[in-house]
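The sequence and structure come first.

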Amino acid sequence: MNEQHRSRPRKPAKPYRRPKKDPVRILAFEALRAVDERDAYANLVLPPLLRKAREKEGPENFDGRDAALATELVYGTLRRQGTYDAIIAACVDRPLREVDPPVLDVLSLGAHQLLGTRIPTHAAVSASVELARVVLGDGRAKFVNAVLRKIAADDLDGWLERVAPPYDEDPEDHLSVVHSHPRWVVSALWDSLGGGRAGIEDLLEADNERPEVTLVARPGRITADELLDGLGEESALPGRWSPYAVRLTEGGEPGALDAVREGRAGVQDEGSQLVALALANAPLDGDDRRWLDGCAGPGGKAAMLAGLASQRGATLLASEKQPHRAKLVERALEGNPGPYQVIAADGTRPPWLPGSFDRVLMDVPCTGLGALRRRPEARWRRRPEDLDGFAPLQRALLQEALKAVRVGGVVGYATCSPHLAETRAVVDDVLKRQGGAELIDARPLLPDVPALGDGPDIQLWPHLHGTDAMYLALVRRTA
C-alpha cells in the first residue's frame with residue numbers, strides 16, 4: 001500500500017482535566033438555587049453560606065473581597081434577572097422555560113459578570129464555564145460556553161437596543177426589560193408615583209441599587225452620636241432624616257457590632273424608623289399611656305416604639321400572630337428600659353378590649369413592593385392576584401386597630417408597598433365603611449423630610465429619600 005494512502009495516526013486524546021472549584025461562584029450558584037427551589041430569600045440564605053465558606057476554605061482562601069464578590073453576584077443577578085432573561089433568550093434556540101433552571105442560573109451569573117461588572121470578558125466566560133463543569137457536567141458546560149460567547153459579543157447598552165421594545169411603542173414593556181421589573185410592577189409603581197418618564201426611571205434604577213445598611217440607635221439605650229463615635233467617621237454617617245439613624249459606609253456585618261449584639265442598636269431602614277416616629281409624634285389630647293404595635297414582627301418598629309414609650313412613661317403591647325415571629329419581637333425588645341409586653345395574637349381577632357390604647361401601629365402584611373432593593377427576588381415571585389389575597393386582611397386589621405384605639409387616639413396604618421390598592425384604597429374604603437374616624441396630616445410630623453406627597457398621608461421613595469417605599473396614613477378616632 002502506498003505510504004500516502006496509509007491512515008494517519010490519531011492524535012493522542014487530551015488528558016481529562018478536573019474542573020477548578022471556585023468557592024465564590026459555587027456559593028453564588030447555591031444561593032440562586034435556594035432562592036429558586038425553596039422560595040428562599042437571598043438575605044436569609046447568603047449569611048450562613050458565607051460563614052460556611054469561610055470555615056471550609058479558611059480566611060486566607062475566602063476573605064472579605066470574596067464575600068463581597070459573592071454577594072454582588074447573587075444580588076446583581078437577581079436584580080437584573082429580567083434583563084438577563086431577555087438577552088439569554090435571544091442567544092438560545094429554545095424558549096427559556098425549556099432551559100433547565102440550574103443551567104439558566106449559571107448563564108445568568110455569567111451574563112451578570114459580562115454585562116454588570118468590571119470582570120474581564122475572558123475571565124467571566126472561563127470562570128462561568130468552569131462553574132458549569134463543576135455543577136452541571138462537561139456536556140452542558142459546552143452549551144454554557146456557546147451562549148456566553150454570544151452574550152460577550154456586545155455590551156449591555158447594545159443588547160438593550162436589540163431586546164427592549166422602543167419606549168415610544170410600548171413604554172411599560174421598554175422599562176420592564178431595561179430596568180428588570182415585571183411589567184405589572186412597572187405599571188403599579190408608575191400609577192402610585194405619578195408624573196412622567198424621568199420619575200419612574202429614577203425609581204426603577206433606585207430599586208436596582210445596592211441599599212446602604214442603616215442602623216437605629218434604640219431610644220433610651222444609646223444615642224446616634226454614641227453609636228457614631230463607636231463606629232468612627234470612616235465607617236459611618238448620620239442618617240438623612242431620622243435622628244436615630246446611622247448609615248454604614250463600609251458594609252461589613254452589623255451583627256458583629258457590640259451595640260447590635262447587645263440590642264442597644266439594630267438594623268432598620270430609615271423609612272421604617274420614620275413611620276414609628278411619625279406615629280409617636282402625632283398630637284393627642286388626654287392620656288398617652290398605652291401603645292400597641294398590632295403586627296409587630298420581626299420587631300424593629302416595636303423596639304423603637306418601646307423605647308420612645310418608656311421615655312414618656314407609657315407602655316407598649318407588641319402583638320404578633322406567628323409565634324416564631326413573636327419570639328423575634330421578644331429578642332428585639334430585650335433590655336428595653338421601660339415596661340412592655342409581647343404576645344402572640346391575631347390582630348383580626350384581638351384579645352384586648354375596644355378602646356384600650358392611645359396609639360396603635362398596624363404595619364400590615366403586604367406585597368413588599370417597597371423593599372425591592374433589599375429583596376430583589378420578590379419582584380419575580382409576586383403576582384397581581386396577590387393583591388386580592390392581602391386586601392381583606394389589610395382592611396380587617398385597620399378596622400380592628402380603629403376599634404382598639406380610644407376616642408381621640410391615633411392609628412398609624414403602614415405598608416412596605418406603595419401600591420395604591422394596598423395604601424390609599426384600603427384607608428379610604430375602611431373610613432367610608434366604618435365612620436367615626438378622620439385622616440390627619442402626617443407630613444408636619446416629619447418636618448425635615450421633603451417630597452412626602454400631597455398628603456394627608458405620607459409616601460416615601462427609594463429615589464427621593466434613600467429609604468424603602470414606606471407608606472403611612474394617620475387616622476384619629478372621633479367617635
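A cavity is a set of grid points where a 1.4 Å probe fits but cannot get out, and its lining residues have an atom within 4 Å of a point. In this predicted model, a search of the whole structure gives 2 cavities of 30 Å³ or more. The largest cavity holds about 50 Å³ of space. Its lining consists of Arg218, Pro219, Arg221, Ala303, Ala306, Gly307, Ala332, Leu333, Glu334, Gly335 and Asn336. Helices α15 (300-311) and α16 (323-333) each contribute at least two residues to that lining, and α15 has the largest share, 3 residues.

## Second largest pocket

The second largest pocket has a volume of about 410 Å³. It is lined by 18 residues, of which Val35, Asp36, Gln81, Asp105 and Trp380 are the closest to its centre. By class, the lining divides into 8 nonpolar, 3 polar and 7 charged residues.

Five helices, α1 (23-38), α3, α4 (81-89), α5 and α17 (378-381), each supply at least two lining residues of this pocket. Helix α5 gives the most, with 4 residues.

## Packing of α3 against α5

Two of the helices that contribute to the pocket lining, α3 and α5, also pack against each other. The axes of α3 (residues 64-79) and α5 (residues 101-116) come within 9 Å and cross at roughly 100 degrees. Angles of 65 to 115 degrees count as roughly perpendicular, and α3 and α5 are therefore roughly perpendicular to each other.

On the α3 side, the contact is made by Glu72, Leu73, Gly76 and Thr77; on the α5 side, by Ser108, Leu109, His112 and Gln113. These residues comprise 2 nonpolar, 5 polar and 1 charged.

## Confidence

Over the chain, the mean pLDDT is 94, and 96% of residues reach 70 or more. Residues 1-6 stay under 50, and the model has 1 contact beyond four places in sequence for this stretch. Where pLDDT is low, the predicted coordinates should not be read in detail.

How values were computed:
Residues numbered from 1 in each chain as written. Predicted model: local features only at pLDDT ≥ 70, side-chain atom pairs only at ≥ 80, totals over all residues. Heavy atoms only, no water. Axes fitted to C-alpha atoms, helices over the stretch in contact; angles between N-to-C directions. Parallel < 35°, antiparallel > 145°, perpendicular 65-115°, else oblique. Contact = heavy atoms within 4.5 Å. Nonpolar A, V, L, I, M, F, W, Y, C, P; charged D, E, K, R; others polar. 1 Å grid on protein atoms, 1.4 Å probe; cavity = no way out; pocket = protein on both sides within 12 Å on 5 of 7 lines; lining within 4 Å. Points joined across faces, edges and corners; volume = space filled by probe spheres on them. pLDDT = per-residue confidence, 0-100.
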